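Dear colleague,

I am passing a structure on to you with this email, and my notes on what was found in it follow below. Please read them with the structure open beside you.

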Amino acid sequence: MRIEQGGRLHYQYLKAPSARQHGAWTCRKNCALTAAYHPLAILRDPSKYEIVKKDFQEIVRKRAELGGG
């Protein structure tokens with residue numbers, strides 16, 4: 001199973017049910033999907049640092065859960 005990370009528009013394109021639920025996971029076509037902020041969002045709004053940090057910690061956790069390392 002692959003893990004894909006993308007923003008809200010990415011998930012609207014994929015029509016994932018969790019497109020508006022930041023941090024929620026869904027599975028589609030053997031891919032684990034979640035909406036997350038792009039790391040560069042911190043440059044535009046430094047207050048998002050903790051959210052972005054949690055997003056990527058969750059991606060690492062999910063990868064380990066799925067046996068990806």
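The secondary structure of the protein consists of three helices and three strands, where helices (H or I, at least four residues) and strands (E, at least two) are DSSP runs numbered from the N terminus, and along the sequence these elements follow the pattern β-α-β-β-α-α. This is a predicted model, in which local features need pLDDT of at least 70 and side-chain atom pairs count only at pLDDT 80 or more, while totals for chains, interfaces and linings use all residues. Residues are numbered from 1 along each chain as its sequence is written, and side-chain values use heavy atoms, with hydrogens and water left out.

Of the 69 residues in the protein, 26% are buried (under 20% relative accessible area, with exposed meaning over 50% and partly exposed in between, for a 1.4 Å probe and protein chains only). Among contacts (heavy atoms within 4.5 Å) between residues at least 6 apart in sequence, 44% join residues at least 24 apart.

Helix α3 covers residues 49–65 and includes Lys-54, which counts as exposed because its relative accessibility is 56%. Lys-54 lies 9.4 Å from Ala-36, C-alpha to C-alpha, and the two are 18 residues apart in sequence.

Glu-65 also lies in helix α3, and its relative accessibility of 48% is why Glu-65 counts as partly exposed. The side chains of Glu-65 and Arg-61 are joined by a polar contact of 2.6 Å, a term for a pair of N or O atoms within 3.5 Å where, within protein, one must be able to donate a hydrogen and the other to accept it, and where residues adjacent in sequence count only if both atoms are side-chain atoms.
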